[in-house]
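Biologist: Before we go through this model, I would like each label that you use to be set against its criterion. Could you put the structure up?

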Amino acid sequence: TVSSDISNTGVLLKAKDQILRDLPVGCDLRLEIALPKLSERIRCIGTLRHIIERKEVKGIVYLGIEFSEILAEDRKKLEHFLYTTTTTKIKNPK
């Protein structure tokens, strides 16, 4: 499963696995997220808020997950990643 988008409140996951399509909206998931440019991982619990299936791309769904529990040190890692990624994009537009 690959992240399509991440913010300080949640993540949008791109998934191919059939088992992930069958998850009930509202269920809690344990997540371990490896952020690019960081060797550390962020562990948290998230709540599945929605499942998006796009007809033009068969076999792929997007899972919208809202973070519900995240340790303070992992929140700091995430915020640092988001700040440095956003700042870099603004300073060096392509």
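Biologist: How do you know that E4 and strand E5 (residues 61–70) pair, and in which sense?

Modeller: This is a predicted model, and in it E4 and E5 are joined over 9 bridges in the antiparallel sense; since pairing requires at least two bridges, the two strands count as paired. Within this pairing, Ile-45 stands opposite Glu-69 in E5.

Biologist: What makes the contact between Arg-49 and Glu-66 a salt bridge?

Modeller: The N to O distance between their side chains is 2.7 Å, and the criterion asks for a side-chain nitrogen of Lys or Arg within 4 Å of a carboxyl oxygen of Asp or Glu, so the pair qualifies.

Biologist: Why is Arg-21 called buried?

Modeller: Its relative accessibility is 19%, and buried means under 20%, so Arg-21 falls within that class. Its salt-bridge partner is Glu-53, with the closest N and O atoms 3.1 Å apart; Glu-53 has a relative accessible area of 54%, and because exposed means over 50%, Glu-53 is classed as exposed.

Definitions and conventions
Residues numbered from 1 in each chain as written. Predicted model: local features only at pLDDT ≥ 70, side-chain atom pairs only at ≥ 80, totals over all residues. Heavy atoms only, no water. Helix = DSSP H or I, 4+ residues; strand = E, 2+ residues; numbered from the N terminus. Buried < 20%, exposed > 50% of the residue type's maximum accessible area, 1.4 Å probe, protein only.
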